[in-house]
4 protein chains.
Amino acid sequence: MLEKIKRIGVLTSGGDAPGMNAAIRAVVRSCAYYDIECLGVYRGYQGLIEGDFEVLNARSVRNIINKGGTFLKSARSKEFRTPEGRAKAALKLKEAAVDALIVIGGDGTFTGAIFLEKEHGIPVVGIPGTIDNDINGTDYTIGYDTALNTVVDAIDKIRDTASSHDRLFLVEVMGRDAGDIALNAGIGAGAEEILIPEEDMGIERMMDSLEKSRKTGKTSSIIVVAEGEKSGKNIFELAEFIGENLEGYDIRVSVLGHIQRGGAPSCYDRVLASKLGVGAVEAILRGENRVMVGITNKIVTSVDFATAIQGSKPMDKELRRVLTITTV
Amino acid sequence: MLEKIKRIGVLTSGGDAPGMNAAIRAVVRSCAYYDIECLGVYRGYQGLIEGDFEVLNARSVRNIINKGGTFLKSARSKEFRTPEGRAKAALKLKEAAVDALIVIGGDGTFTGAIFLEKEHGIPVVGIPGTIDNDINGTDYTIGYDTALNTVVDAIDKIRDTASSHDRLFLVEVMGRDAGDIALNAGIGAGAEEILIPEEDMGIERMMDSLEKSRKTGKTSSIIVVAEGEKSGKNIFELAEFIGENLEGYDIRVSVLGHIQRGGAPSCYDRVLASKLGVGAVEAILRGENRVMVGITNKIVTSVDFATAIQGSKPMDKELRRVLTITTV
Amino acid sequence: MLEKIKRIGVLTSGGDAPGMNAAIRAVVRSCAYYDIECLGVYRGYQGLIEGDFEVLNARSVRNIINKGGTFLKSARSKEFRTPEGRAKAALKLKEAAVDALIVIGGDGTFTGAIFLEKEHGIPVVGIPGTIDNDINGTDYTIGYDTALNTVVDAIDKIRDTASSHDRLFLVEVMGRDAGDIALNAGIGAGAEEILIPEEDMGIERMMDSLEKSRKTGKTSSIIVVAEGEKSGKNIFELAEFIGENLEGYDIRVSVLGHIQRGGAPSCYDRVLASKLGVGAVEAILRGENRVMVGITNKIVTSVDFATAIQGSKPMDKELRRVLTITTV
Amino acid sequence: MLEKIKRIGVLTSGGDAPGMNAAIRAVVRSCAYYDIECLGVYRGYQGLIEGDFEVLNARSVRNIINKGGTFLKSARSKEFRTPEGRAKAALKLKEAAVDALIVIGGDGTFTGAIFLEKEHGIPVVGIPGTIDNDINGTDYTIGYDTALNTVVDAIDKIRDTASSHDRLFLVEVMGRDAGDIALNAGIGAGAEEILIPEEDMGIERMMDSLEKSRKTGKTSSIIVVAEGEKSGKNIFELAEFIGENLEGYDIRVSVLGHIQRGGAPSCYDRVLASKLGVGAVEAILRGENRVMVGITNKIVTSVDFATAIQGSKPMDKELRRVLTITTV
């Protein structure tokens, strides 16, 4: 197989994540190392359909390893969700003599790649790049570690003001389907409670806990709420509910929002992205297809796209236990 | 006067600001330097009423110069707004043999001090500590410079994702009455538009500008909106309005919120707080009363409380002009 | 065993590392959770000898999870290296009715604990806290991830000036025996070369590589040097050697030094410290002794002290390969 | 004059400083606003001699306001110090139809500009960009505020480890001729002593002070040393001297070095650079020549180059006093 690969395309798709640039850089440099030409595709699958390509060499990716976002840009493409759209994209790839495609993103990105490969036979390999860490078959996704540090840094700031005023803060963090960010950043930030989508802990339990804290004289608290948590209330309703049912708390809400997606990637994310970028090119050279390269127990591994996108990861019960014990 | 001052009280009141701890430290150390006893008052005017005091010495304030928030805590006190509340506070101060009081905060804080002095003859000196920079008689308030850096850092992160997705972001920053944060941080962050409370720029003008940008192919933009801006719409309504009236923009909203109040103070704020803390103690020793110490053209100066709290600062028109020119 | 443990001592020893406070917090909170009294020992083994103890409860460790350093302080103790010193320490522990001791630190710390247990029968459990990541039996030590981010952030700054001036920078990072920091932070920072103690790569190879880079017009470069690297030259001699043997390079040296030990811990280090703090207390409750709790494949595990301190970890050859490929 | 200016050149020279990119951006945008063409000169005066030019438009400077360093690069040029070198440069400027030149840098940069104007009649305006804040005629230079924050952040980290180990740290910061960085960052970081080039405080006084501290039980301290301080000893000799003459101190040295030059500029530096960039273009349009635009009492002003580069700023005696009082 190795001798047949002359040109590899690379794109980023879905929500951007810190470290995507480091992953692109590693893909480009690995291509240069193995004497393969690398074609950058702008704006994800939409750019694929439009033939928005540029040849990238080792120098094209200088000084980007520390930059947030993705210089290849990302975009949603309705057209690519249709067979016609994907046919156009495949045509553009064939015209550009692209032998295989590396896609960096999340489960939506991989789903698109599966269709492209199935319908048009273009070999595809994926790299998990999303802050949500909601992909199976990899311990960590690129951007997740950085997002955790951003959240913890933001909550450290909020705690300064919470402590100064003896206030209760509800802080909403990202994670529509997965509570990984909420659970880890919440423990890291020393939050007193964490509400996550994987479990319905019952608002009653939280109210009891707050009531108990208040009785011990502790009225400044941080509650981390994942945006998809199951209480059935959004964070502002939750704040109102607590305010109406508990006396003695001065309650504030903070929605961290999009700052969680940006910023210079952490060292871990840069190194992970570098490993997976090299791993993706080498997977193609080994003839692998329809796989995502991920990290498992510190080793770069490949898993079927089908495995990567199926269902959701289970909640880390041990972390839940650590939270309970350390907020005694 | 100097020989009569044996004990000085110090409190923080109103919204907390980074650098308040550095100011307290400088007050405490200056007292020690001049052989005066320093009494820390917890939880602002409420703690004054309750006699929540603690003697502070030079070692009490070690390793706090770099901490956000205020270790003396702050609180709102309804009781202190009544003559009866202030009488209680005055009694506590007399019982504790406090000869003068230093209050760190904003205009509400100074207003309280004016009443306390007028009704009970307790000498008071103020230090401007608020992120809003909305106090007359000082070029800068403690916490303002740090808040600017926090905002700029947050918008840098948002720009990563804005650029990656060609999105338009509306970012709300603090400043109910003053657009200083919005104007300075907006220019610092390279925002394309800034909406501030001091002027009604007209949404039409902004829409024209966005329309023009879009025609030049620029669809990723940052618009900074001060929380009190005069368009008559809140930021979510504004986003909806733009979305309904302009095609081609993918719009997102980010409300920075309370992260702007916390964090390690910048070097500027630490030095300013140190200068003003020394200045406040020395103002008392010179027999000054009902004044705020501030910084004007790099010199520590005193102004009457009446001047400090009157009206609002005018908008910096030169900065407005710089924005117009640099977003050409 | 469980019913016999009424009181646990905890100390930090050796070089401090970000996250030690988070580990102490988790130990204290776990003790509170299991209704055990926790005794903090100040200044490591020296404080043990002097009986410098304080009872810690859940509130003693509020708001420290985000602080660098160790509030229990650390110190070197010559006296503890003697049987007499350890006898004094054991006596103090018995007087204070301490049933078991948790020690947080590196291999020197664990070696001390082994002697204490062997000579005086005091159960000991260790937690790996060192920025060097040079302990066997755990994938990561507390503080290592933070140090990597600190180094990468510093080199990002240096790269700004290196690029502006087309300069070659030699940057010395910590790691006397292990090149983990140099290798990971070097890849993360996009360094062109990394010199580490585990291998003598030969200065010739580096000189060839620099010569080659220069020919392609690239004269701004970062070379990361671990403090213990095997070239036989210190970093200033190395700079001089390169300057004398290669034309066209403007060379500068930067020794990062002690900033690598401090700073707010990363989210990863805070979570790891929380897990291991809980794990250490539970190991004692299970009757374990002479073990270190570590993290292996994301699971908290125990290993014999003997294993933890033996020899050095092998270099990560895969990372070396990733470096070679991505600096093509 | 206004109608005669059709093309303005801009270059950065001397040591790079955070905010230089923001200044270039403002120059380029101001040119666009006034319908003038802007020519970027790479690598300072050396690039001027070589004609290393590129036309810059408003889009050329997108997304650089937050980047450290200078994308136009800087370089030292021996050739430009000769009349022949400057004649070559002048010729290149005339060939490129450049009507006036804006130079961003420090006193060496302005000295070069004075010669170029005197010998060849090319109008020149300067912008002060240097972390040292050692230019007359401006309250602040671009990059200085950022450097202060970088230093304070580094010393905060060092203090974590200093406190944990009860160590005395000597920290060397930049400032060969001016102690502004040492004095401000030292106060900001809560240093116990600050040694600066403007005064010979006498090592004896410092030794007395350390001796006194030690007697009060305080053995962890930070001493900030400007690289040009007048004790006659370099920082390593100083450490040795203290170690030999004072018992009870565990002494460490940290040289902060080049990290002080890099990093994302602070908000203040970005806004200052924006103002001065606009100011420089407008100064040219008003027909000014041989001047530097600076900031005095928050107003953009022009001063003769001769004034800007003469002698050194006096030490801020008030800050020295604040230091003495707050380290009581």
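**Helix packing, sheets and interfaces**

Helices H3(C) and H4(C) are roughly perpendicular to each other, because angles of 65 to 115 degrees count as such and their axes cross at roughly 75 degrees. The model is a predicted one. Helix H3 of chain C spans residues 83–95, and helix H4 of chain C spans residues 107–120. The two axes come within 10 Å. On the H3(C) side, the contact involves C:Pro83, C:Arg86, C:Ala87, C:Ala89, C:Ala90, C:Leu93 and C:Lys94. They meet C:Phe115, C:Leu116, C:Glu119 and C:His120 in H4(C). By class, this contact has 7 nonpolar, 1 polar and 3 charged residues.

In chain B, the axes of helix H3 (residues 83–95) and helix H4 (residues 107–120) also come within 10 Å. Their crossing angle is roughly 75 degrees. H3(B) is thus roughly perpendicular to H4(B). H3(B) contributes B:Pro83, B:Arg86, B:Ala87, B:Ala90, B:Leu93 and B:Lys94. Their partners in H4(B) are B:Phe115, B:Leu116, B:Glu119 and B:His120. The residues of this contact divide into 6 nonpolar, 1 polar and 3 charged.

Chain B also holds an open sheet of 7 strands. The strand order is E3-E2-E1-E4-E5-E10-E11, and the pairing is mixed. Strand E3 (53–56) and E11 of chain B are the edge strands, each pairing on one side only. On average, neighbouring strands of this sheet are turned by 30 degrees against each other, direction ignored. Helix H1 (residues 20–33) of chain B packs on the sheet. H1(B) touches strand E1 (7–12), strand E2 (37–41), E3, E4 and E5 of chain B. The direction of H1(B) makes about 160 degrees with that of E4(B).

Both kinds of pairing can be followed within this sheet of chain B. Strand E4 (residues 100–105) and strand E5 (residues 124–128) of chain B run parallel and are joined by 5 bridges. Within this pair, B:Ile104 stands opposite B:Ile127 in E5(B). Strand E10 (residues 291–296) and strand E11 (residues 299–304) of chain B run antiparallel, with 6 bridges between them. Here B:Val291 is opposite B:Asp304 in E11(B). E10(B) and E11(B) form a hairpin, with 2 residues between the strands. In the turn, B:Asn297 has a positive phi of about 50 degrees.

Chain A is divided into two parts: domain 1 (2–143 + 265–308) and domain 2 (145–261). The domain centres, taken over C-alpha atoms, are separated by 35 Å. The contact between them takes 13 residues of domain 1 of chain A and 11 residues of domain 2 of chain A. About 970 Å² is buried between the two domains. Carbon and sulfur atoms give 48% of that area.

A second open sheet is described for chain A. It has 4 strands in the order E7-E8-E6-E9, and the pairing is parallel. Strand E7 (193–195) and strand E9 (251–255) of chain A form the edges, and each pairs on one side only. Neighbouring strands are turned by 20 degrees against each other on average, direction ignored. Strand E6 (residues 168–173) of chain A runs parallel to E9(A), and 5 bridges join them. A:Glu172 has A:Val255 in E9(A) as its bridge partner. Helix H7 (residues 203–215) of chain A packs on this sheet and touches E6, E7 and E8 of chain A. The direction of H7(A) makes about 165 degrees with that of E7(A). Helix H5 (residues 144–165) of chain A lies across E6, strand E8 (221–226) and E9 of chain A. H5(A) runs at about 165 degrees to E6(A).

Chains C and A meet through 50 residues from chain C and 50 residues from chain A. The area buried between them is about 4200 Å², with carbon and sulfur atoms giving 56%. C:Cys267, C:Ile325 and C:Thr326 supply 14% of the area that chain C buries against chain A, more than any other three residues.

Two of these residues, C:Ile325 and C:Thr326, also take part in a contact between helices of the two chains. The axes of helix H9 (residues 267–285) of chain A and helix H11 (residues 317–326) of chain C come within 10 Å and cross at roughly 75 degrees. That makes H9(A) roughly perpendicular to H11(C). A:Val271, A:Ser274, A:Lys275, A:Val278 and A:Glu282 form the H9(A) side. Facing them in H11(C) are C:Leu319, C:Arg321, C:Val322, C:Ile325 and C:Thr326. This contact comprises 5 nonpolar, 2 polar and 3 charged residues.

How values were computed:
Residues are numbered from 1 along each chain as its sequence is written. Chains are lettered from A and ligands numbered from 1 in the order in which they are written. This is a predicted model: local features need pLDDT of at least 70, side-chain atom pairs count only at pLDDT 80 or more; totals for chains, interfaces and linings use all residues. Side-chain values use heavy atoms; hydrogens and water are left out. Axes are lines fitted to C-alpha atoms, for helices over the stretch in contact, and angles run from 0 to 180 degrees between N-to-C directions. Angles under 35 degrees count as roughly parallel, over 145 as roughly antiparallel, 65 to 115 as roughly perpendicular and the rest as oblique. Contact means heavy atoms within 4.5 Å. Ala, Val, Leu, Ile, Met, Phe, Trp, Tyr, Cys and Pro count as nonpolar, Asp, Glu, Lys and Arg as charged, and the others, Gly among them, as polar. Two strands pair if DSSP finds at least two bridges between them. Domain bounds come from an automatic or database domain assignment. Buried area is the accessible area (1.4 Å probe) that two parts lose on being put together, summed over both.
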